[in-house]
Amino acid sequence: QACKLIDTCVLYIDIRRSTELSISHKPQTVAKLYSAFVRAMTKCARHYGGHVRGIIGDRVMVIFDCDDCFGAAANCAVLMNSTAKYVINKHFTRNDVQCGIGIDTGKMLVTKTGFRRRGVEQHNYKSLVWLGRPANVASKLTDVANKPSEGMNLDQVCVGYLGLFSKEVYWKYEWTHNFVKNLTPDNLGGIKHNN
């Protein structure tokens, strides 16, 4: 199978408590919500040069071109969150629609999977698979983002650091105020961490 190595930034977004929404509302209402959500998130992604590469239920996968991909992804995440909070919630008044967003950047391998099949269903048997740390980390961050957790200490954040002599990421808990002190604006109008 043909494959390609790309350097990109991956953003995942999905609706929190989507299972509860599916149970407590009519299927037609949930279908309209999902449709509006995916359409709005796709427009947000396109606004910042993102490419939607996967939609599974209420989860949308967006990748960005390598030029300033992290800045574009961060700006896109802010727009997506604001759209869900102030636009979609305005029309879906019975429950607050909250999102989980995860972003990571790095090298990913893209490959085609599946098998050839003739007929009406031929497209359903072929797909692109995105392999690598960025897709996995962004997906995991999406799963935990904006989700209340028992026993979670809000005074601390979990920070990932790249090892000095290896490409391994190690995670460490830090006090929130110490983490924020290490954030500084960069020359491109974004934010960077000192370490």
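In which crossing does helix 2 pass helix 3, left-handed or right-handed? Select both helices and look: helix 2 passes helix 3 in a right-handed crossing (the near helix is turned clockwise from the far one by less than a right angle). Next, show the contact residues (heavy atoms within 4.5 Å): helix 2 brings Leu33, Ala36, Phe37, Ala40, Met41, Cys44, Ala45 and His47, and helix 3 brings Cys76, Leu79, Met80, Thr83, Ala84 and Ile88. Colour that contact by class and you get 12 nonpolar, two polar and no charged residues (Ala, Val, Leu, Ile, Met, Phe, Trp, Tyr, Cys and Pro count as nonpolar, Asp, Glu, Lys and Arg as charged, the others, Gly among them, as polar).

A word on the model: it is predicted, local features need pLDDT of at least 70, side-chain atom pairs need 80 or more, and totals for chains, interfaces and linings use all residues. Residues are numbered from 1 along each chain as its sequence is written, and side-chain values use heavy atoms, without hydrogens or water.

Now zoom out to the cartoon. The chain has five helices and nine strands (DSSP runs: H or I of at least four residues, E of at least two, numbered from the N terminus). Of its 195 residues, 32% are buried (under 20% relative accessible area, 1.4 Å probe, protein chains only; exposed is over 50%, partly exposed in between).

Last stop: select Lys192, in strand 9 (residues 191-193). Lys192 counts as partly exposed because its relative accessible area is 45%. Leaving out residues up to four places away in sequence, Lys192 touches Asn182, Leu183, Thr184 and Asp186. Draw a C-alpha distance from Lys192 to Asn182, 10 residues apart along the chain, and you'll get 8.2 Å.
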